[in-house]
Amino acid sequence: MTNIAIFGAYSAIAEATARQLAAPDSRFFLVGRDRAKLDQVAADLKVRGAKEAHVFACDLAGTAGLRASFEALYGEFDTVDIALLAHGTLPDQALCEGDAEQTLAALQINGLSHIGLLTLLADRFELQGRGTLAVITSVAGDRGRKSNYVYGAAKRAVSTFLDGLRHRLADTDVRVIDIRPGFVDTPMTAAFDKGPLWAQPEKVGGDIVRAIEKGRPVVYTPWFWRYIMAIIRNVPAFVFHKTNL
Amino acid sequence: MAVNGLAENELAVNGRRYQSWGRIDFGPQTGVRFDHRLAPIPKPEPAKTVLPYGNGRSYGDSCLNTGGVLIDCGGLDRFISFDGDSGVLRCEAGVLLADILDVAVPRGWFLPVSPGTRLVTVGGAIANDVHGKNHHRAGTFGCHVRCFELLRSDGGRLLCSADENQEYFRATIGGLGLTGLVTWAEIQLAPIANAFVDQERIRFHDLAGFFRLSQESDAEFEYTVAWIDCLATGPSLGRGMFVRGNHAPAVEGDRAGEAAKSSGVKISVPFVPPLSLVNGLSLRAFNALYFRKQRGDRVSSQLHYRPFFYPLDAIANWNRLYGPKGFYQYQCVLPLARGEAGMGEMLQTIAAAGMGSFLAVLKVFGDRASPGMMSFPRSGVTLALDFPNNGGKVRGLLDRLDAITGEHGGAVYPAKDARMSPALFRQSFPAMDEFTQYIDPAFSSSFWRRIAGADKAVVSQDIC
């Protein structure tokens, strides 16, 4: 039996990933804000072959929600084989600028809540000595850009936390996976004009499933973002600052 | 701040480009996403009309709404329930037939009716009341729809079935998305023993040969269809290949689960070539080779359902082969009594124009009636063709084909149409006036304005 916990379970990438993990031996625990949407995803996964799908509705933006969902998860499952953290928002960069409350709220839901959850999950995973902690971060964390550095900073914090966690758990069979998607065509990015660099959530979900199977520490999806970001990280500031990225 | 980035009203204009499968330019399209079936219906700007958009596999302008807004249902793709004992499946309207097959085939169920691509949504299959190679037995897709929910622009949610809101049930099946937004539907699947089809391919040498084969096959074969070499003339006019098949019976060591998951698309046309690769030369070569491809006149084989039903799905974006201007599809149905004469006239007209079709498909429809008021399939013989868009030349040919269709009391298929005349539509869809009263006042399409003369994508303020 494979026990799978997904936080932000009706985000497009999480849903696409879960569908590819749905199998007769898979049991899901789905966390998100909206109970009705969670129920819809649970029913869908069961038709697609999952053995069970449990739901828990809470707001992951607050510490209370983190703890409540963590406790509910371990009330349902004794062990968790895969935990996928997929919740978050795309903050409005312009609104954050000059507004400390907006900025901190964006850091909370896109970074601190992941770090809080991982803090709780890490001890349980260390105890069970195996399993996969997979976290969706973003290529936006690789270098701060004026168009979305609040989001980028939150994701970078999570990536650095994952680096440390991977170090801490290096002599166990716990895999810590940092998934960095590029542009993905989801409700979160509906307003953007889509070009050739854009990927569908199904493609990203497939990459996540493969990363989990292989235990890869850092995964760019689609693959070409590894090279795009290598260039972007290395562009000298005097050039970078002339761009509109 | 909303978790998962979903704005509360979910009305953000979606930045992807929308077109129909024929890739003919009908002007820029605006889309909004509709990802959750309990969400309120999007009303992006009060003065603009909306139209549900599934996977964009209609060929012409029936899935487009130039100047209005498309409600993109691609994210409305969740299953709701499936009863493996009875074969009753309930799912959201944006679920692809391909997804249904992935779930149903390993459990011994198949689509009751399937078009020639599995990459259409359930909503699209209902809105166009699609048909397949088993029309002579099973009728249309709509014959197997048990019920659905119709979301109207006034916020009302109508549960529609043969017993409840019957008028909306009948108007929505084949209703081209104009009666409201289908959020979910329940369909009755058909039992199979495994994923394979027993197929026979039989060469025939003229149109009479086709009608003979069709008549002798329809009683014993669930699936029948023929390919026609539409470049052949004279005594060979109407020669082609007849394909008939049945789901393979149960065998020992049942293969139901075998190769049941979609292996995914293998080949893709990666970009649009500057010119249509479908032209006189390639057509002549393809048609001649296809006719001679098998040695004997009759070849039997057993094959997986995918190559049998969906050979073109193996080439992603095959529509790009027609180049930047796209292509026209043409599908008509003629009453059986006029079938042989009418089809002969059509094939002669096409051959005389020197504009063969890459795939010309001929099939005899049965007389099982659909619940849909505006369904295209009806008792008779149907011909489907596609032509590169070379402007006036192809449009002239299609107008001549329309004239033949009209003369013989036939009809042209709206899902494939980009240019038929309002007069022909009205003549061949006599329920049009009855249908019109069930159209949602906030819904419209490029096709409908062209056909019914509703002249704007903007609705008048008083009915919103």
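**Chain B as a whole**

Select chain B: 12 helices and 21 strands make it up. The radius of gyration is 22 Å, close to the 23 Å that the globule rule gives for 464 residues, so chain B is as compact as a globular protein of that length. Keep in mind that this is a predicted model. Colour by burial next: 51% of the 464 residues of chain B count as buried. Then draw the contacts with a separation of 6 or more. Residues 24 or more positions apart account for 76% of them in chain B.

**The eight-stranded sheet**

Select β16, β12, β14, β13, β19, β20, β18 and β21 of chain B. In that order these eight strands form an open, antiparallel sheet. Which strands stand at the edges? They are β16 (298–304) and β21 (411–412) of chain B. Each has a single partner strand, so one side of each is left without a neighbour in the sheet.

Seven bridges tie β16(B) to β12(B), and the two run antiparallel. To see one pair, pick F196(B): its bridge partner in β16(B) is H304(B).

Now select helix α8, residues 336–353 of chain B. This helix packs on the sheet, where it touches β18 (327–334), β19 (360–365) and β20 (380–388) of chain B. The direction of α8(B) makes about 20° with that of β20(B).

Move to β14(B), residues 240–247. Is this strand mostly covered or mostly open? It is mostly covered, with six of its eight residues buried.

On one partner, β12(B) (residues 196–204), count eight bridges to β14(B), in antiparallel pairing. Show R201(B) and look opposite, in β14(B), for V243(B).

The other partner to select is β13(B), residues 223–228. Six bridges link β13(B) and β14(B), again in the antiparallel sense. Here Y223(B) has G245(B) of β14(B) as its bridge partner.

**Helix α5**

Select residues 207–217 of chain B, helix α5. Its buried residues are L207(B), F210(B), F211(B), L213(B), S214(B) and S217(B). Look down the axis of α5(B): these buried residues fall within an arc of 165°, so they line one face of the helix. What covers the buried residues of α5(B)? The cover includes β12, β13, β14, α8 and β19 of chain B.

**The four-stranded sheet**

Next, pick β1, β2, β4 and β3 of chain B. Four strands form this open sheet, in the order β1-β2-β4-β3, with mixed pairing. β1 (13–14) and β3 (50–53) of chain B are the edge strands, and each pairs on one side only. Zoom in on β1(B): two bridges join it to β2(B) (residues 30–33), running antiparallel. N14(B) has G31(B) of β2(B) as its bridge partner.

**The side that touches chain A**

Finish by showing chain A. 22 residues of chain B are in contact with 28 residues of chain A. On the chain B side, the elements that give two or more residues are β1 and β5 (79–83). β5(B) gives the most, with four residues. Colour this side of chain B by residue type: it divides into 11 nonpolar, seven polar and four charged residues.

Methods
Residues are numbered from 1 along each chain as its sequence is written. Chains are lettered from A and ligands numbered from 1 in the order in which they are written. This is a predicted model: local features need pLDDT of at least 70, side-chain atom pairs count only at pLDDT 80 or more; totals for chains, interfaces and linings use all residues. A residue is buried if 20 or more other C-beta atoms lie within 10 Å of its own, exposed if 12 or fewer, and partly exposed in between; C-beta atoms are placed from the backbone. Two strands pair if DSSP finds at least two bridges between them. Two residues are in contact if their C-beta atoms, placed from the backbone, lie within 7 Å. Axes are lines fitted to C-alpha atoms, for helices over the stretch in contact, and angles run from 0 to 180 degrees between N-to-C directions. The radius of gyration is taken over C-alpha atoms; the globule rule is 2.2 Å times the number of residues to the power 0.38. Ala, Val, Leu, Ile, Met, Phe, Trp, Tyr, Cys and Pro count as nonpolar, Asp, Glu, Lys and Arg as charged, and the others, Gly among them, as polar. The arc is that of the directions from the helix axis to the C-beta atoms.
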